[in-house]
Protein chains: 2
Amino acid sequence: MKKAVGIDIGGTKTAIAAVTSEGRIVSELALPTNSTAGFADGTERIVRSVHTVVTRAGWPCEDLAGIGIGCAGPVDPVQGSIHNPYTLPGWEDAHIVRALAEHLGVPVWLENDADAALLGECCFGAGQGCDPVVMLTFGTGVGGGILAQGRIVRGARGQHPELGHLSVVTNGAECYCGTRGCLESIASGTAIGARGEAAGWIDARAVFAAARAGETSAAAIVADAVNAVCTAVWTIAHTVLPQRLLLGGGIMDEHYDLFAGSATAALARATQFDPKSVTVAKAALGNRAGLAGAASLALRAG
Amino acid sequence: MKKAVGIDIGGTKTAIAAVTSEGRIVSELALPTNSTAGFADGTERIVRSVHTVVTRAGWPCEDLAGIGIGCAGPVDPVQGSIHNPYTLPGWEDAHIVRALAEHLGVPVWLENDADAALLGECCFGAGQGCDPVVMLTFGTGVGGGILAQGRIVRGARGQHPELGHLSVVTNGAECYCGTRGCLESIASGTAIGARGEAAGWIDARAVFAAARAGETSAAAIVADAVNAVCTAVWTIAHTVLPQRLLLGGGIMDEHYDLFAGSATAALARATQFDPKSVTVAKAALGNRAGLAGAASLALRAG
């Protein structure tokens, strides 16, 4: 049985886990990321936590196939460095792969966190045995990743394509991404919550509850989000044409059936491919996807 | 110098060329496809034409690296078979790779024609040295292809993703693809021509001429097409994030600057990737792209 460590670095929290080749998490801990204290401080605390996690798992460090990191992007997976002033200020150009490899003496890999979660689902979750796979994650924002021919699809200069900003509505709301009417601007928790607040609801969850209770203005907000997801799914089916399209994140944890039902009905009308060849499915691993997927970088290699 | 034969099979015409490893066409001929006469008849005429083309090039058949075919899809590149009752009736389930390999004694490859044209541009034209590359071709319809990590991106069950039908306009015109407001339904020659006819112009070319002359209703049709292309380019930049996005086909041969100028301006507003990392360029090889790209299947292999 191969053994690896998965690390999931977010703006607030960093999770670290000992993961088996079956994707099972044997031990796990979380620490504050606290990037503003600087990268040397972060490295030291992460190294200490890796030792703790493998010790608790009863694994000698020498037994590790390696360490995989999923990190809030932008990251450079080839150089092994983090370039995220937005949510990891103080860690500019942090060469985390080199730093951890030097301190821990094992191979280290780095991916964007959305791609790590996608890999987790493909190796151990709802994307197993499928190719291509696209995953869309609906939380505060909308993120995603694409796997084709067994590999993460990288864009120009290795950049991660930000699927949450594909265009879905003509002349929609303006987004920080630089256009109007992108998926995130309509179907993210933030977007649903903001429109809800303007109509008198406290947050996105309240909007969904009111829509279910038959409140017309809440139902309109939810319908717009559902239509936006259907359009995005249509467009993805005509660009990547995935065998499996995974919907994940907090919104899908609670409302998957609503979104997936409409998206599947839209795909069934497609004439340019066999609609039965594309299936929509719910992401299965939740927050574990990122940790397991990060570990899979080491488990799949060597 | 490696030598190969490229074959470009369309609904009406089949072109066959002797192509060098630099992508140079040494000899070429065309024959009617005439698929309704059946596949045995088609095979026999193609085999004879391949012999003619290599003889005219002064190449012994034994010197060929192989034969590459680009064919109007759907095709199955893995099985080497054609499944296109729409524009190749009478050739259902034609195992063309097996048939030509048996008759000619050389290796044979098959790709969708849009993917063959993309390969041609990537090997010998405006996509050289770039990865990923996306090509959109605007003619009677709108087609396209995606190359990533050096390979054609295939969808579920090896199907070719029909990029022309990604969604660009909310509640647009209905399309045979199964949705409303896809790229082809607004920016194809057919779509521009149909809207033009309704407004009194004879065809798409007349619409572009009238728009340039300042006719308001023609200008509106062209503006809609330009906006549709901009939206499609935006969406492609947020899914595949190509290093190079090629625009080709009859419409771009004449109006590339109009479309590319707007698309480039839209991309310059993007904040989720470095806009300088994505360049829009005009397809360079025209009809030769399909022949050279088909031949490249053999030239790149072995």
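Trainee: Which strands form the open sheet in chain A, and in what order?
Mentor: There are 5 strands, in the order 3-2-1-4-7, and the pairing is mixed. Before we go on: this is a predicted model, where local features need pLDDT of at least 70, side-chain atom pairs count only at pLDDT 80 or more, and totals for chains, interfaces and linings use all residues. Residues are numbered from 1 along each chain as its sequence is written, while chains are lettered from A and ligands numbered from 1 in the order in which they are written.

Trainee: What makes strand 3 and strand 7 of chain A edge strands?
Mentor: Strand 3 (25-32) and strand 7 (108-112) of chain A each pair on one side only. Two strands pair if DSSP finds at least two bridges between them. Strands here are DSSP runs (E, at least two residues), helices are runs of H or I with at least four, and both are numbered from the N terminus.

Trainee: How do you know that strand 2 of chain A pairs with strand 3 of chain A?
Mentor: Strand 2 (residues 13-20) of chain A is joined to strand 3 of chain A by 7 bridges, and the two run antiparallel. For one of the bridges, look at A:Lys13, whose partner in strand 3 of chain A is A:Pro32.

Trainee: What packs on the sheet?
Mentor: Helix 3 (residues 113-124) of chain A does, touching strand 1 (3-9), strand 4 (64-71) and strand 7 of chain A. Its direction makes about 105° with that of strand 7 of chain A. Helix 9 (residues 288-300) of chain A lies across strand 1, strand 2, strand 3, strand 4 and strand 7 of chain A, at about 135° to strand 4 of chain A.

Trainee: Why are helix 7 and helix 8 of chain A called oblique to each other?
Mentor: Helix 7 (residues 216-237) and helix 8 (residues 250-268) of chain A pack at about 45°, with axes 9 Å apart. Angles under 35 degrees count as roughly parallel, over 145 as roughly antiparallel, 65 to 115 as roughly perpendicular and the rest as oblique. The two helices are therefore oblique. Their contact includes A:Val226 and A:Trp234 of helix 7 of chain A, and A:Phe259 and A:Ser262 of helix 8 of chain A. (Contact requires C-beta atoms, placed from the backbone, within 7 Å.)

Trainee: What about helix 1 and helix 2 of chain B, at what angle do they pack?
Mentor: Helix 1 (residues 39-57) and helix 2 (residues 96-104) of chain B pack at about 50°, with axes 10 Å apart. By those cut-offs, this pair is therefore oblique too. Among the contact residues are B:Ile46 of helix 1 of chain B and B:His103 of helix 2 of chain B.

Trainee: How do you know that the two copies are related as by a two-fold rotation axis?
Mentor: Chain B can be laid on chain A with an RMSD of 0.1 Å by a turn of 180° and a shift of 0.0 Å along the axis. The copies are thus related as by a two-fold rotation axis. The same surface serves both: 100% of the contact residues of chain B recur in chain A. B:Thr170 comes closest to the axis of the residues of chain B, at 2.9 Å (C-alpha).

Trainee: How many residues of chain B are in contact with chain A?
Mentor: 39 residues of chain B are in contact with 39 of chain A. Helix 7 (residues 216-237) of chain B gives the most to that side of chain B, with 4 residues.

Technical notes. Contact = placed C-beta atoms within 7 Å. Axes fitted to C-alpha atoms, helices over the stretch in contact; angles between N-to-C directions. Least-squares fit on C-alpha atoms with pLDDT ≥ 70 in both.
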